[in-house]
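Here are my notes for you, in numbered points. Keep the viewer open and check each point as you read.

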Amino acid sequence: MLWLTENWNIVTNPLSVSVAVAMSNFSSWFFRLRSSSKDYYRYFYHHSFKTTTTHTNASHSSATNTFNSNRTRFSSSVLPLALAFSAASASLPSFCDHHAPDSDFRGASFGGKGSTRYNDVKGSHTEFPQELLFELKTICQDNISLDPDERYFHGKPQNSFHKAVNIPDVIVYPRSEEEVSKIVKSCNNYKVPIVPYGGATSIEGHTLCSNGGVCIDMSLMKRVKALHVNDMDVVVEPGIGWMELNEYLEPYGLFFPLDPGPGASIGGMCATRCSGSLAVRYGTMRDNVITLKVVLANGDIVKTASRARKSAVGYDLTRLMIGSEGTLGIITEVTLRLQKIPQHSVVAMCNFPSVKDAADVAIATMMSGIQVSRVELLDEVQVKAINIANGKNFPESPTLMFEFIGTEAHAREQTHIVRALVSEHHGSDFVFAEEPEAKKELWKVRKEALWACFAMEPNLEAMITDVCVPLSHLADLISRSKKELDASSLVCTVIAHAGDGNFHTIILFDPTQEEQRQEAERLNQFMVHAALSLEGTCTGEHGIGSGKMKYLEKELGEEALKTMKKIKSVLDPNNIMNPGKLIPPHICF
């Protein structure tokens, strides 16, 4: 209660001590109560406790004088209330310690429980400290930018319709782990927000700088620090892309098996716990990272584990950081598990009368025990987009794509078994390729699915969403969703990592048309709630960011989210690490 004692000058005589205790209890009660009646609290708080601040000394002085002139009135009005409520304060529940930084005082906060808004993400913004700017220039030398265009580019995700009102104040490009540590420590001292930036391929607004602050672009940290061929692992910096890494590894007969969108960096892949089409065979990012080095909010550098393939030592800090989306720390080094490049592979393609038939074959394939490395499903709209964009002539019907790996004999045997399954489920036009160039061309078509959609509808933006359900529920989920998507006035395509129950939709809409925005969000919500009703998740691989926070309480429950927030508050007490992401703003403890 330093704030109260400083501003009311309570002296230490018995009566004053009693008053101080009462005021302390009331203040505690009052700040707890505010979460359950936010609108009243915010009005009261911003009219009685605070005066609107500006960036000029004159305004600050004026605000201070105004506050001093009002404090006697305020103290006399709340003192009876303090005495009345002090006895009951111990029994009242605990709510928030601070109101969410991304709150909009006029209504529900973006990403909060029940929020349906996909407007620009709002956030508080204060003048950037010049002392911090000087420190950052000292640390980064020439690798710092204040250029407005560069700041705007970093503040607007390139593959996402999410936007923020604010953009970063400064972009820094660290060259080493030590520089990252110094940058973070300085920002923490000034309580300035930090947003890490990787390959800029995230979809759910992970890199939005809703509160301004410092954007830490990791693109200069892209070295391969060590390759252990006999251990089949590699140590890399976070800025290297997975495609660059695989080019480096190819001469050694090794590869890193995760394959998200082109351009994704290893650090960003860790932060979002991504996967890709090969996850059905090799697992997701959490299965392929051995250990990390992470800079925490106070600048400390933490090693999360040893390089051993398994360990029973302590808490699993590696898995804690994977998927934390930059809210707990900044990843500066990653040790990855590698795989041998397969001796032989076969890529197959076939068509079906409905997406349910295609999904049924994907499930039957996995149930047969065949260890496919990829099972991808495309609906007829997505195939049409591919034909338009690439000048192809694929049959425009629901399509499955498979990849089988192993020895030549084994891969061919798997191909023939699946061909029989396809025939049993009304499939047709089963074709396969074994030549390297033909296989690469087929998978290129799948990897560029999003750009194919933009080629089909060049004037529209995409709301890209993904959900995931237990494999046995995939056909049901796709059937329900496809019926809703086809009935919509918007152009929607379906893509699924059908081997592990992960289902994507690309919803094309005109963001300037409010009706289209609402329809896109309705479809998105329909898919998410359908997945949750089938014991699934609101996202299988894209992550939460700011876009899917509102679904977390329904999926995980309030207690799980409170636990997450407690972890966040311990590791990042000043809430500088990518604030306003992952944990919904209405969650308090």
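1. Let's begin with strand 4. Val-214 and Ile-216 point one way from this strand, while Cys-215 and Asp-217 point the other way, and all of them are buried. Keep in mind as you look around that this is a predicted model.

2. Now for the neighbours of strand 4. Strand 2 (residues 170-172) pairs with strand 4 (residues 214-217) in the parallel sense, over 3 bridges. You can find Val-170 standing opposite Val-214 in strand 4. Strand 3 also runs parallel to strand 4, and 4 bridges join the two. Here Pro-196 has Ile-216 in strand 4 as its bridge partner.

3. What is the order of the strands in the open sheet? The 4 strands go 1-2-4-3, and the pairing is mixed. At the edges are strand 1 (144-145) and strand 3 (194-197), each of which pairs on one side only. Helix 6 (residues 148-155) packs on this sheet and touches strand 1, strand 2, strand 3 and strand 4. If you compare directions, helix 6 makes about 80° with strand 2.

4. Next, a pair of helices. Two packed helices are described by the angle between their axes and by the distance between those axes. For helix 5 (residues 130-140) and helix 7 (residues 177-190), the angle is about 175° and the axes are 10 Å apart. Angles over 145 degrees count as roughly antiparallel, so helix 5 and helix 7 are roughly antiparallel to each other. Want to see who meets whom? On the helix 5 side, the residues are Glu-131, Leu-132, Glu-135, Leu-136, Ile-139 and Cys-140, and they meet Glu-179, Lys-182, Ile-183, Ser-186, Cys-187 and Tyr-190 in helix 7.

5. On to the rings. Searching the whole structure turns up 4 aromatic pairs. Why does the pair of Phe-402 and Phe-404 count as stacked? The ring centres are 5.7 Å apart and the planes are at 10°, and planes under 30 degrees apart count as stacked. Phe-402 and Phe-404 are both buried.

6. Compare that with Trp-451 and Phe-454, an aromatic pair that is tilted, with 6.0 Å from centre to centre and 45° between the planes. Both sit in helix 17 (residues 449-456), and because they are 3 residues apart there, about one helical turn separates them. Trp-451 is partly exposed, with a relative accessible area of 44%. Phe-454 also counts as partly exposed, at 25% relative accessibility.

7. One more ring is worth a look. The charged end of Arg-374 sits over the ring of Trp-443, 4.6 Å from the ring centre.

8. Last, the whole chain. How many helices and strands does the protein chain have? There are 21 helices and 18 strands. The chain has 589 residues, and 52% of them count as buried. Among contacts with a separation of 6 or more, 72% are between residues 24 or more positions apart.

Notes. Residues numbered from 1 in each chain as written. Predicted model: local features only at pLDDT ≥ 70, side-chain atom pairs only at ≥ 80, totals over all residues. Heavy atoms only, no water. Phe/Tyr/Trp six-rings, centres within 6.5 Å; stacked < 30°, edge-to-face > 60°. Buried < 20%, exposed > 50% of the residue type's maximum accessible area, 1.4 Å probe, protein only. Lys NZ or Arg CZ within 6 Å of the ring centre and 35° of its normal. Pairing = 2+ DSSP bridges. Contact = heavy atoms within 4.5 Å. Axes fitted to C-alpha atoms, helices over the stretch in contact; angles between N-to-C directions. Parallel < 35°, antiparallel > 145°, perpendicular 65-115°, else oblique.
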